[in-house]
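This report describes side-chain packing and pairing in one protein chain. The model is predicted.

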Amino acid sequence: MIIEDDPGLQKQLRWSFDAYEVLVAGDRESALAQIRRHEPAVATMDLGLPPDPDGATEGLATLQQILAMAPDTKVIVLTGNQDHEHAVKAIGMGAYDFHQKPADPDILGLVVQRAFYLHALQQENRRMLQTQADSPLSGVISRDAGMQKVCRSIEKVAPTSASVMLLGDSGTGKEVLARALHQLSPRAKERFMAINCAAIPENLLESELFGYEKGAFTGAAKQTKGKVELAHGGTFFLDEVGDLPMALQAKLLRFLQERVIERVGGHEEIPVDVRIVCATHRNLKELAAAGRFREDLYYRLSEIVVTIPPLRARIGDAALLAHHFKNKFCAQEGRSALHFSQEALSVIENHPWPGNVREMENCIKRAVIMADGAQIVPEDLGLATDPAEDQPLNLRQVRDEAEYKAIVKVLARVDGNIVKASELLGISRPTMYDLMSRHGISANA
């Protein structure tokens with residue numbers, strides 16, 4: 001949508017955006033009517049609207065109403081060289097970006113393209129949340145193919161009785177997937193019990209797992225059931241099972257084989273029917289080879305192994321999760337809608353996220369609390385900025401870069417032999433020469 005009162009500029013902008021479906025408005029009333037009816041993804045707006053064409057009062061008032069009426073619309077403000085103060089004020093009110101007049105079609109086109117990309121990302125995030133609202137896997141926010149494969153595996157395994165091992169770095173969502181396994185299983189109406197083997201001292205862990213009889217030790221004033229017994233009929237989740245002490249590994253193995261437990265200080269064998277799901281960030285095969293984890297227990301626990309990819313390996317998920325947590329914490333903290341600056345999104349996409357989704361959640365919560373205006377900027381995130389160049393979003397740029405890298409790599413591998421390079425790339429020699437010419441590549445370089 002173009003909001004501009006000058007017919008000449010209207011025509012120029014419409015011509016610049018001939019690849020888009022374009023709406024035009026010349027004043028506040030017509031702009032609001034169009035916004036109300038069409039809710040465009042992106043709008044460019046001149047702050048100098050009638051009846052105040054030489055000022056910004058009417059434009060800023062229109063901007064405020066647009067953002068209140070259609071908060072998802074990305075508004076790009078067009079300003080004169082002397083209107084920097086008004087542009088900054090517009091950004092503070094929630095405008096997506098500003099661009100100085102006279103507009104450079106190429107630069108403005110790039111700004112509009114990125115605005116459309118962000119709008120599409122937010123809309124897809126909203127659709128995914130609505131679609132998954134009633135699903136046990138609704139806690140998994142991802143469009144990455146690897147993560148979606150994990151979700152399909154959980155759906156396949158859930159109806160069975162197999163023991164499941166969830167492998168992944170800390171913060172990747174292992175407990176979320178364990179709960180989804182339970183909720184998708186025939187045991188969903190029974191209890192889901194969880195215990196973190198790394199968070200409980202070794203001398204207390206056995207009684208936590210298997211319970212104890214009255215008088216079994218000092219302070220055991222009454223008979224107490226353990227978590228395994230409390231989960232009877234349901235699912236028992238052992239988190240960080242790689243930290244389980246060797247003595248308890250033997251007792252857990254006996255339970256898995258016999259499906260009976262003995263409380264600490266007791267002699268009665270108690271049958272328990274539970275499904276075991278466990279998780280760890282450790283390499284249990286290496287621990288078993290080093291004698292720190294029982295190999296027979298490993299095979300009992302890992303009838304089905306599901307490996308969860310780290311956030312850094314999930315294409316597009318960093319920005320997707322950032323928007324999800326931003327919306328969540330804006331509502332939780334009672335803040336009006338916030339937007340990420342392009343610089344902030346670049347930092348988010350380039351950060352390696354060693355703490356995965358948990359680190360992301362804490363980071364975005366901090367940013368929502370610390371942000372001063374309507375935008376979250378890199379300083380609000382508290383992350384070390386990555387000097388790596390932001391990756392291009394334009395498909396032609398991406399294709400050209402991939403072609404260039406592939407050609408250079410293959411030519412190096414075949415020592416400049418064009419015939420062999422063409423065969424490896426699966427193209428004809430004339431095509432190879434055309435590509436080399438276009439990218440300025442020499443076979444002898």
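Are Arg263 and Glu213 buried or exposed? Both Arg263 and Glu213 are buried.

Arg263 and Glu213 form a salt bridge, with their closest N and O atoms 3.1 Å apart. Arg263 is in the loop between strand 11 (260-261) and strand 12 (270-271), while Glu213 is in the loop between strand 8 (211-212) and strand 9 (224-225), so the pair ties together parts that are 50 residues apart in sequence.

## Further salt bridges

Across the whole structure, 18 salt bridges are found. One of them joins Lys251 to Glu206, with 2.3 Å between the closest N and O atoms. This pair links distant parts of the chain, 45 residues apart: Lys251 belongs to helix 10 (residues 246-258) and Glu206 to helix 8 (residues 202-210). Lys251 counts as partly exposed because its relative accessibility is 39%, and Glu206 counts as partly exposed at 22% relative accessibility.

Asp400 and Arg438 also meet through their side chains in a salt bridge, at 3.2 Å from N to O. Here helix 17 (residues 395-413), which holds Asp400, is linked with helix 19 (residues 429-439), which holds Arg438; the two residues are 38 residues apart. Asp400 has a relative accessibility of 22% and counts as partly exposed; Arg438, at 47%, likewise counts as partly exposed. Asp400 and Arg438 belong to a network of salt bridges that also links Arg399 and Glu403.

## Domains and nonpolar cores

The chain is divided into domain 1 (2-132), domain 2 (145-309), domain 3 (313-381) and domain 4 (395-439). The centres of domain 1 and domain 2, taken over C-alpha atoms, are separated by 55 Å.

The largest nonpolar core comprises 43 residues, and those with the most contacts inside it are Ile348, Met360, Ile364 and Leu381. At least two residues of this core come from each of strand 4 (74-79), helix 5 (105-132), helix 13 (317-333), helix 14 (342-350) and helix 15 (356-370). Helix 13 gives the most, with eight residues. Because domain 1 (2-132) and domain 3 (313-381) both give residues to this core, it lies between them. Apart from neighbours within four places in sequence, Met360 is in contact with Leu311, Ala318, Leu321, Ala322, Phe325, Ile348 and Trp353. A second, separate core has 30 residues, including Cys197, Ala231, Leu252 and Val272.

## Aromatic pairs

The whole structure contains six aromatic pairs. In one of them, the rings of Tyr20 and Phe116 have centres 4.8 Å apart and planes at 10°, so the pair is stacked. Tyr20 lies in the loop between helix 1 (7-16) and strand 2 (24-25) and Phe116 in helix 5, so that this pair links distant parts of the chain, 96 residues apart. Tyr20 counts as partly exposed at 33% relative accessibility, as does Phe116 at 30%. Together with Phe17, Tyr20 and Phe116 form one aromatic cluster.

The rings of Phe192 and Phe237 are stacked because their centres are 6.1 Å apart and their planes are at 25°. Phe192 lies in strand 7 (residues 192-196) and Phe237 in strand 10 (residues 235-239), so the pair ties together parts that are 45 residues apart in sequence. Phe192 is buried, with a relative accessible area of 14%, and Phe237 is buried, with a value of 0%. In a further arrangement involving a ring, Arg259 lies over the face of Phe255, at 5.5 Å from the ring centre.

Definitions and conventions:
Residues are numbered from 1 along each chain as its sequence is written. This is a predicted model: local features need pLDDT of at least 70, side-chain atom pairs count only at pLDDT 80 or more; totals for chains, interfaces and linings use all residues. Side-chain values use heavy atoms; hydrogens and water are left out. A nonpolar core is a set of buried Ala, Val, Leu, Ile, Met, Phe, Trp, Tyr and Cys residues joined through side-chain atoms within 4.5 Å. Buried means under 20% relative accessible area, exposed over 50%, partly exposed in between (1.4 Å probe, protein chains only). Helices (H or I, at least four residues) and strands (E, at least two) are DSSP runs, numbered from the N terminus. Domain bounds come from an automatic or database domain assignment. Contact means heavy atoms within 4.5 Å. A salt bridge is a side-chain nitrogen of Lys or Arg within 4 Å of a carboxyl oxygen of Asp or Glu. Rings of Phe, Tyr and Trp (its six-membered ring) pair if their centres lie within 6.5 Å; planes under 30 degrees apart count as stacked, over 60 as edge-to-face and the rest as tilted. A charge sits over a ring if NZ of Lys or CZ of Arg is within 6 Å of the ring centre and within 35 degrees of the ring normal.
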